[in-house]
Amino acid sequence: MAIIESIQTAVCIICGVALVLLEVGYLITGTEKGGKLWDDFTNGKYYKPWGNTWGSLARPVVINPSKRAMTELSEAKALSQRAVYADIFGFQHTMNGISRTEQENNLLRTRLYSRLLQVRGPANLKVIYPALQKQLGSVLLQQLEKGKLKIDGSISIRLAPTIRTISSRLMAQLFFGENAAADEAFAESLLTYSADMVRCMAVFQFFPRFLTKYVHILITRNGRAMHFLQSRFKKMISDNDGDMNNTILHDMVQLTHEQNSQYWTVHVISQSLLGIWFAASHQPWMNLDFVLLELAQRPEWQVQLREEIGDHSRLDYQTLDNLPYLDSFIKETVRMNPLDNYAIRRKALQTYHFANGGWLIKTGVVACVSAIDILRNKEAYPDPDEWRGDRFVTTPAAVQGSKFSDVSEYFPTWGFGALACPGRFHAALVMKIILAHIVSHYEVTLESKGRTKFMWESFTLPYDSTRVSLKKVN
Ligand code: HEM
């Protein structure tokens with residue numbers, strides 16, 4: 001035992017020193033000049049010495065994805081969704097002291113999130129849409145100014161950072177309103193906070209729990225972005241002025257007042273906002289990155305989508321949301337490129353036996369379904385390994401006519417049952433509005449040769465260094 005502890009301590013010290021060196025390397029070289037190790041670090045690819053059997057991400061139990069089992073997996077009280085994410089992201093550090101007792105209030109939160117995002121969301125999206133279009137035009141131009149102008153007049157950009165920034169700005173507008181989203185320091189902290197969370201997720205895995213507090217301090221510069229955001233959120237919650245009408249923050253304040261529960265203090269509201277912000281900020285841009293990569297390699301689809309969109313200046317919210325080929329293109333790309341090989345991850349808070357003598361999930365073990373198996377199911381998806389952009393419009397199968405934002409047993413991207421992602425309408429809008437704008441105004445070409453994404457754990461993530469060029473459509 002003592003030997004194992006000494007080895008772990010030694011490895012921790014080595015990793016700690018490595019992190020410090022990497023941090024120094026960052027300051028000296030900047031992100032683009034470092035060596036291979038540095039490239040992997042900045043692209044989010046980390047060494048994971050303890051494999052799948054050590055730490056919080058122990059190998060999960062994969063259950064058979066019938067509709068009934070998926071509902072049970074999603075909703076059984078003994079199986080916790082938040083415990084999974086608390087482990088992966090180290091919530092007690094990254095959510096500024098969120099505690100175990102928070103779990104008792106899960107139902108309160110889930111109900112509120114559902115009303116906030118699924119019930120009120122779509123109506124707000126319709127109202128904010130014109131301002132979002134305007135903001136998108138100017139943020140995209142700002143980003144293109146940072147690209148490299150080429151001889152043929154096209155502009156070369158690094159896809160992931162560009163899409164991450166644009167998507168974050170639009171999402172910030174939906175959350176906090178136009179003025180806040182345009183505030184550089186605030187916008188930068190929103191980006192940094194999400195990046196910090198992802199780094200912590202990766203690095204926490206090769207440190208024992210008692211050291212994660214210090215690792216968090218090191219990686220996040222003592223939670224600088226998190227603390228900055230929380231104090232801004234608190235001020236915005238108290239001010240809650242007219243500029244924020246129809247935003248998530250505005251509705252959150254209103255709904256928590258209506259619930260009239262002692263639970264919703266300003267601190268808890270701001271902490272919840274951090275959580276929703278993180279949920280909202282990383283997946284849309286990563287999925288959109290894959291969609292644009294697919295688009296960049298399919299000029300014929302660029303023409304088809306441009307034709308479907310028609311006059312972009314007249315594109316309203318309703319029309320955008322109901323373009324069948326654009327929706328199908330996104331959904332098919334997400335089907336073929338799931339960010340996570342697993343879905344509906346739940347951690348057993350106590351030993352749980354599925355109904356009808358099904359799986360036994362011991363306390364502390366994670367159960368889930370295989371997203372890959374579901375998304376490549378031959379019945380729902382004939383020729384499942386083939387990418388077909390029009391699959392959801394034309395292929396006769398159970399999924400024909402289904403939309404990207406639909407929750408279904410054939411599409412676990414949003415989860416399933418009562419806990420399925422309540423923010424999917426916001427995600428779909430942000431992805432569609434950016435895709436429609438880019439394809440209407442630019443021809444997109446993939447410049448980088450070789451890998452554009454990498455696997456880490458069960459996750460597939462985009463490389464930061466992949467470049468595409470955008471050339472104005474005649
Ligand atoms: C493509 C983008 C997105 C994907 C793929 C996605 C997917 C998911 C998934 C799989 C879950 C967990 C479901 C479960 O475990 O059963 C989830 C939860 C959640 N998502 Fe999303 N999400 C996306 C974007 C968003 C956005 C934009 C928002 C907010 C505007 C959001 C808000 C949330 C919240 C609040 C939860 C937790 C719900 C709860 O705790 O009850 N998500 N999302």
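**Helix packing and the ligand shell**

Helix 8 (residues 159–176) packs against helix 14 (residues 266–296) at an angle of about 140 degrees, and their axes lie 9 Å apart. Helix 8 is therefore oblique to helix 14 (angles under 35 degrees count as roughly parallel, over 145 as roughly antiparallel, 65 to 115 as roughly perpendicular and the rest as oblique). Axes are lines fitted to C-alpha atoms, for helices over the stretch in contact, and angles run from 0 to 180 degrees between N-to-C directions. Helices are DSSP runs (H or I, at least four residues), numbered from the N terminus.

The model is predicted: local features need pLDDT of at least 70, side-chain atom pairs count only at pLDDT 80 or more, and totals for chains, interfaces and linings use all residues. Residues are numbered from 1 along each chain as its sequence is written, and side-chain values use heavy atoms, with hydrogens and water left out.

In helix 8, the residues in contact (heavy atoms within 4.5 Å) include L159, I163, M171 and F175. Their counterparts in helix 14 include L273, W277, W285 and L292.

The ligand is surrounded by 23 residues (one heavy atom within 4 Å). Q81, R82, T110, R346 and C421 are the closest. Polar side-chain atoms lie 3.0 Å from a ligand oxygen atom for Q81, 2.5 Å for R82 and 2.7 Å for R346. Helix 4 (81–89), helix 6 (106–119), helix 8, helix 14 and helix 20 (424–441) each give two or more residues to this shell. Helix 14 gives the largest share, five residues.

Terms used: Polar contact = N/O pair within 3.5 Å; in protein donor to acceptor, adjacent residues only side chain to side chain.
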